[in-house]
Amino acid sequence: MSTKPSYYITTPIYYVNAAPHLGTAYSTIMADVQARFRRSMGYDVMFLTGMDEHGQKVAEAAEAHGLTPQEWCDSQAPLFHALWEELEISNDDFIRTTEPRQTHAVQYLWERMKEAGYIYKGNYDGWYCVPDETYFTETQVEKADEERGTKGEHLCPDCGRPLQRIQEESWFFKLSAFQDRLLKLYDEHPDFVQPDFRMNEVRTFVAGGLQDLSVSRNNIDWGIPLPFGDGHVTYVWFDALLNYMTAVGYGVDSDEARAELAYRWPAQTHIVGKDIIRFHCVIWPAMLMAIGEALPEHVFAHGFLTVRNEQTGKAEKMSKSRGNAIAPREVIDLMGVEGYRYYFMTDVVPGSDGAISFGRMKQVYNADLANSWGNLVSRSLNMSAKYFDGCAPVKPAAADAFANPLAEVADGLAQRYADKMGAFAFGEAAAEVMELIHAANHYIEDSEPWTLAKDPARADELAFVIYNLLEAIRISAHLLAPFMPSTSAEALRRISCADEAATDDLVAACTWGGLAGGAPVEKGDALFPRLVDEK
Ligand code: MSP
């Protein structure tokens, strides 16, 4: 086991009812950026993603394709793997809830729940939303229908789609017993749910009273069988939430697994979309309290990527079930994987909803990447190669004689950036880096290296200017790496700093003056070719 501190981060596991789209990729990229950042800060990162393969929704998708649920899931898994690989997702594990390890862990959970006395058998009589895999009571449904003006239609209070009536024997989890403990958790750990405003939502919901939750299904058979031999299968969320512990050894009877669990659990951060906050901030902690396990440290909830509905003119959540999903391919084809990652992570505020606009994507790409970062790299490397015979100038001895505006901007930059990255303020963190990049581009104009190059008496000054530009590039490449790992690695390689890319001490690596100088630089092609037709 590593001596480094563990940082365990997870994405939701995705329903396998259709191929992943921009919305689902959004959660995954967000977790990836945090995982890469944490590795560069010296954490031993465990980054988990995967697929949620049970539940009625997946069974229905399989049927619609004329396949068994297992065949359907097996046919979809390669699509998820291929997309995550293309999007440079650096997950350490990929869990599928149909794997034996999950069946084992879930059945182990049932036994623990029974021992602890937090489950009992009863009859469920109420409503069920298949697309959301969520139960609703008569009162919740009536109230929502009343408020929406759809009285008597029985539409889902959350997503507005038609509900199913379910009446069946079911096992219940005594969620109602956890109200006080949950409220205490929120009071004692106000940052359990992030951003802050989400915490109020969760607290209000719990303060309003909790009802016991139906956690088994008796009239469907696609799910993990209960270990009690009564023909019930596990409710998909009771199964899915446990994946976070399964992947780090929960329920496995070996010293190695116990050591792994002790090192990795509790997770530091679960990334979730705002639609699944209640599952993660109410049901999941209550499940863990019931079986006496530690609670995750933080649940970070992001908003939705939305698409304008042409008929209503309203912004709607992009979703597979609604059929308004945009494929990641469209964005990758437009501006490459790195532009895609940078755009969604820096321009969409992580806590709020963000409307998709291809025009805005092009604008941000051109402004930040083509015209600023890419331009800085290309101009600086060109001049370095031209004036210093294909190399970087060595750090000039007379450096103190000249003002150094870039070193001033870079001073404390990595720490400011790290504080923001750690808090998922990715846009603000990137803006800090952009400040250095803009300063460097202005510095080129102000110092006019082409004029200095004409005057041999100013050779030191020229070396100083070019050295500073390369140093700004080196530091910016490090800081942009969690967003754009390949182009950052490429920029470092071009200035002969490829070895630094795998740093686990980002702040030290970004200390001004780290570039040795004297090594070859390679001009290379534009990192971010400009997009034409910006509308
Ligand atoms: N299977 C459950 C999660 C179980 S976790 C123990 C699930 N799956 S999902 O495929 O429907 O959604 C997975 C994640 O993708 C959620 O966090 C959801 O918020 C996110 N997104 C799905 N559509 C989205 C957008 N349009 N925009 C941003 N994220 C959205 O829920």
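Me: Which residue of strand 15 is the bridge partner of Val 307?

Reply: Glu 316 is the bridge partner of Val 307. This is a predicted model, in which local features need pLDDT of at least 70 and side-chain atom pairs count only at pLDDT 80 or more, while totals for chains, interfaces and linings use all residues. Residues are numbered from 1 along each chain as its sequence is written, and side-chain values use heavy atoms, without hydrogens and water.

Me: What makes strand 14 and strand 15 a pair?

Reply: Strand 14 (residues 305-308) and strand 15 are joined by 3 bridges in the antiparallel sense. Pairing takes at least two bridges found by DSSP, so these strands qualify. A strand here is a DSSP run of E with at least two residues, and a helix a run of H or I with at least four, numbered from the N terminus.

Me: Why are strand 15 and strand 16 called edge strands?

Reply: The open sheet has 3 strands in the order 15-14-16, with mixed pairing. Strand 15 (315-317) and strand 16 (354-355) each pair on one side only.

Me: How many bridges join strand 7 to strand 9?

Reply: The count is 2, and the two strands run antiparallel. Phe 173 stands opposite Leu 213 in strand 9. Strand 7 (residues 164-173) is also joined to strand 5 (residues 119-129), by 10 bridges, and Trp 127 stands opposite Arg 165 there.

Me: Which residues surrounding the ligand are the closest?

Reply: Of 26 surrounding residues, the closest are Asp 52, Gly 273, Asp 275, Leu 305 and Met 318.

Me: How much space lies in the second largest pocket?

Reply: The second largest pocket has about 290 Å³ of space. Among its 18 lining residues, the closest to the centre are Arg 36, Ser 40, Ala 481, Ala 501 and Ala 502. Helix 1, helix 18 (459-480) and helix 19 (485-494) each give two or more residues to this lining.

Terms used. Near = heavy atom within 4 Å. 1 Å grid on protein atoms, 1.4 Å probe; cavity = no way out; pocket = protein on both sides within 12 Å on 5 of 7 lines; lining within 4 Å. Points joined across faces, edges and corners; volume = space filled by probe spheres on them.
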